Amino acid sequence: MGALIRIAEVLEQKLGKEIELQDIGYETVCLMHDEIDTEMVPMSVISKLAEPVICDCANYTDDEGNYYTLISIEIENASPYEVWLIDDKVVPQFTERNEET
């Protein structure tokens with residue numbers, strides 16, 4: 001549920017408009033280490049996660065058709081690791097939350 005609120009907060013700031021929670025898609029998926037794309041999540045992060053890895057995903061399409069996705073991965077004793085995509089392309093440092101782990 002954190003991904004739902006987080007994408008709304010970030011996109012409200014970035015897009016300058018209110019994002020209604022009912023306009024955001026949401027799902028939770030469980031993945032094994034070998035199912036995670038290392039171009040999205042570095043192996044240095046993956047190797048520290050217990051299997052299965054639980055990923056909360058939220059997505060939103062704006063009025064111009066841009067498709068935003070947040071993948072949030074809980075990390076023990078740290079803020080969630082976030083992967084942001086726009087139109088299915090990873091956007092490094094979309095926010096400043098991730099630090100080297």
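**View 1. Pro 52 is found in the loop between α2 (43-46) and β2.** Helices (H or I, at least four residues) and strands (E, at least two) are DSSP runs, numbered from the N terminus. The peptide bond leading from Glu 51 into Pro 52 is cis, with omega near -10 degrees. Most peptide bonds are trans. A word on what you're looking at: this is a predicted model, where local features need pLDDT of at least 70 and side-chain atom pairs count only at pLDDT 80 or more, while totals for chains, interfaces and linings use all residues. Residues are numbered from 1 along each chain as its sequence is written, and side-chain values use heavy atoms, with hydrogens and water left out.

**View 2. Arg 6 and Glu 82 pair up in a salt bridge.** The term stands for a side-chain nitrogen of Lys or Arg within 4 Å of a carboxyl oxygen of Asp or Glu, and by this rule the count comes to 2. Here the closest N and O atoms are 2.6 Å apart. Arg 6 sits in helix α1 and Glu 82 in strand β4 (residues 78-86), so this pair links distant parts of the chain, 76 residues apart. Are the two partners buried or exposed? Both Arg 6 and Glu 82 are buried; that word means under 20% relative accessible area, with exposed being over 50% and partly exposed in between (1.4 Å probe, protein chains only).

**View 3. Lys 17 forms a salt bridge with Asp 63.** The closest N and O atoms are 3.2 Å apart in this pair. Lys 17 lies in the loop between α1 and β1 (25-31), and Asp 63 in the loop between β2 (53-61) and β3 (67-75), so the bridge ties together parts that are 46 residues apart in sequence. Lys 17 is partly exposed at 28% relative accessible area, whereas Asp 63 is exposed at 71%.

**View 4. Three cysteines, Cys 30, Cys 55 and Cys 57, come into view here.** How many disulfides does the structure hold? There are 0, where a disulfide is a pair of cysteine sulfur atoms within 2.5 Å. For the sulfur of Cys 30, the closest cysteine sulfur is in Cys 55, 8.0 Å away and too far for a bond. Cys 57 is in no disulfide either, as its nearest cysteine sulfur, that of Cys 55, is 5.9 Å away. Cys 57 counts as buried, with 13% relative accessibility.

**View 5. Glu 9, Glu 12, Glu 18, Glu 20 and Asp 23 gather in a patch of negative charge on the surface.** Patches are made of residues with over 30% relative accessible area and no salt bridge, joining like charges within 9 Å and nonpolar side chains (Val, Leu, Ile, Met, Phe, Trp, Tyr) within 5 Å. Among the members, Glu 9 has its place in helix α1 (residues 2-15) and is partly exposed, at 47%.

**View 6. Met 1, Ile 5, Leu 21 and Tyr 26 make a nonpolar surface patch of about 390 Å².** One of them, Met 1, lies in the segment before α1. Met 1 counts as exposed, with 57% relative accessibility.

**View 7. Asp 87 and Asp 88 both have a positive phi.** Phi is near 50 degrees for Asp 87 and about 65 degrees for Asp 88. Most residues other than glycine have a negative phi. Asp 87 lies in the loop between β4 and β5 (89-90), and Asp 88 has its place in that loop too. Asp 87 is partly exposed at 37%, while Asp 88 is exposed at 58%.

Definitions and conventions:
Accessible areas come from the Shrake-Rupley method with a 1.4 Å probe; for residues, only the protein chains shown count as cover. Lys and Arg count as positive and Asp and Glu as negative; His and the chain ends are not counted. The place of a charge is taken as NZ of Lys, CZ of Arg, CG of Asp or CD of Glu.
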